[in-house]
Amino acid sequence: MTDFEQYKEHIEYTFNAFCKIVIRHAAIDESRRLKSAWEHEISFEYLTEEKFYPFSTEDVYFAEPEERPEYPVFICGQMIMLDNPQLAAALPRLPEQWRDMLYLRFYEYYTYQKISEIYGKNRTTISSYIKKSLRLLHEEMEVVSRE
């Protein structure tokens, strides 16, 4: 046997030993993971016999929706029904023009340019009014929620 063949055989044995070690450690890790999962599982027998939980399902897609109160708010001559009581209480505290701009922007989906044409102001001014009104509305909602 030549030195090259001995070296090649040595490399092959070393690689095989490395693969065996890696596979053994992977098997140990997987068995530990399975053991941990089995320790945290609860059997169906325990749930039905010990805790008396019946096996059943309820289809929520066809269930009747629960009644949620709605709060009317008048903006731009329109009555809007809101389901958030803090928002419904905070909106009337804003200046009327700012409320109308919010309505046009978020309910009617007007652009800033279209709103600026309606009010005869610059587009950036309308944008700043809307940002200020949102900030003020957020502060008012916090005040209402604390009350």
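Cys76 counts as partly exposed at 34% relative accessibility, where buried means under 20% relative accessible area, exposed over 50% and partly exposed in between (1.4 Å probe, protein chains only). This is a predicted model, in which local features need pLDDT of at least 70 and side-chain atom pairs count only at pLDDT 80 or more, while totals for chains, interfaces and linings use all residues. Residues are numbered from 1 along each chain as its sequence is written, and side-chain values use heavy atoms, with hydrogens and water left out.

Cys76 is placed in the loop between strand E1 (71-75) and strand E2 (78-82), and Tyr109 in the loop between helix H4 (96-106) and helix H5 (112-119); helices (H or I, at least four residues) and strands (E, at least two) are DSSP runs, numbered from the N terminus. Most residues other than glycine have a negative phi. Cys76, however, has a positive phi near 55°, and Tyr109 has a positive phi of about 60°.

A search of the whole structure for disulfides finds 0, a disulfide being a pair of cysteine sulfur atoms within 2.5 Å.

There are 2 aromatic pairs, counted where ring centres of Phe, Tyr and Trp (its six-membered ring) lie within 6.5 Å, with planes under 30 degrees apart called stacked, over 60 edge-to-face and the rest tilted. One of them joins Tyr103 and Tyr107, whose centres are 5.7 Å apart and whose planes meet at 20°, so the pair is stacked.

| Residue | Relative accessible area | Class |
|---|---|---|
| Cys19 | 26% | partly exposed |
| Tyr103 | 9% | buried |
| Tyr107 | 41% | partly exposed |
| Tyr109 | 67% | exposed |
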